[in-house]
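The points are grouped by topic.

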Amino acid sequence: MTDQREVAIIRWPGQAPSARDGLAELLAAYHVQTQAEKGEAVADVDGLPDRYRVEIADPQAVFVDDVVLLASSGGTAVGCLVVTAPVDGRSEVKRLWTDPAFRGRGIACSLVSAALVHAAESGVSAVGLSVWKWRAGAIALYERLGFTVTESWDERDQLVCMERAV
């Protein structure tokens, strides 16, 4: 019997994603929740902006140059994170999401830690991220992992930009 508390981090490329790996469902939940938090709630994926629907429909094509980390528990995808391909010695962490039923188990911390290991292996000097200012729990997690608020590189209001040396 598999211990449902055990979480494995799977990285692709390396393991090609498939329709059954759960990534699309995690991305859909992330984007639908984010739209609601922005005050632009949608009923389902069909109501999302095109750029987000494309990610959900074909993450392998959208993230072709990036690395996607998937957290899996008992064969079920329970979390995800994207590490962008390095540009000028820097990568970015995007789309961190943990299934709400699995929160509080250290999955987000494991995903970010695996992203930092990947970044170090890729030779980048820094990892950046942006997070909505109302996501206090995520900001606290990033601060615990050594990220600090930095000058914004994104024009969207209410976005906090953070960075950490690798």
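Helices here are DSSP runs of H or I with at least four residues, numbered from the N terminus. The model is predicted. One such run, helix α1, covers residues 23-37 and contains threonine 34. Salt bridges in the model come to five, and three of them are described below, including the pair of arginine 95 and glutamate 55.

**Helix α1**

- Buried positions in α1 are Leu23, Leu26, Leu27, Ala28, Tyr30, His31, Thr34 and Gln35.
- An α-helix has 3.6 residues a turn, so residues three or four places apart point the same way.
- Just after α1, glycine 39 has a positive phi of about 80°.

**Threonine 34**

- Threonine 34 has a relative accessibility of 5% and therefore counts as buried, the cut-off being under 20%.
- A polar atom of the threonine 34 side chain lies 2.8 Å from the backbone oxygen of tyrosine 30.
- When neighbours within four places in sequence are set aside, threonine 34 is in contact with Trp132 and Arg135.

**Arginine 95 and glutamate 55**

- Side chains of opposite charge can pair when their charged atoms come close.
- Arginine 95 and glutamate 55 form a salt bridge in which the closest N and O atoms are 2.7 Å apart.
- This pair links distant parts of the chain, with arginine 95 in strand β4 (residues 90-98) and glutamate 55 in helix α2 (residues 50-57), 40 residues apart.
- Arginine 95 is buried, at a relative accessible area of 14%.
- Glutamate 55 is also buried, at 5% relative accessibility.

**Glutamate 163 and arginine 90**

- A salt bridge joins the side chains of glutamate 163 and arginine 90, at 2.8 Å from N to O.
- Because glutamate 163 lies in strand β7 (residues 159-165) and arginine 90 in strand β4, the pair ties together parts that are 73 residues apart in sequence.
- Glutamate 163 has a relative accessible area of 27% and is partly exposed.
- Arginine 90, at 23% relative accessibility, counts as partly exposed.

**Aspartate 154 and arginine 156**

- The closest N and O atoms in the salt bridge between aspartate 154 and arginine 156 are 2.9 Å apart.
- Arginine 156 counts as partly exposed, with 39% relative accessibility.

Terms used. Residues are numbered from 1 along each chain as its sequence is written. This is a predicted model: local features need pLDDT of at least 70, side-chain atom pairs count only at pLDDT 80 or more; totals for chains, interfaces and linings use all residues. Side-chain values use heavy atoms; hydrogens and water are left out. Helices (H or I, at least four residues) and strands (E, at least two) are DSSP runs, numbered from the N terminus. Buried means under 20% relative accessible area, exposed over 50%, partly exposed in between (1.4 Å probe, protein chains only). A polar contact is a pair of N or O atoms within 3.5 Å; within protein, one must be able to donate a hydrogen and the other to accept it, and residues adjacent in sequence count only if both atoms are side-chain atoms. Contact means heavy atoms within 4.5 Å. A salt bridge is a side-chain nitrogen of Lys or Arg within 4 Å of a carboxyl oxygen of Asp or Glu.
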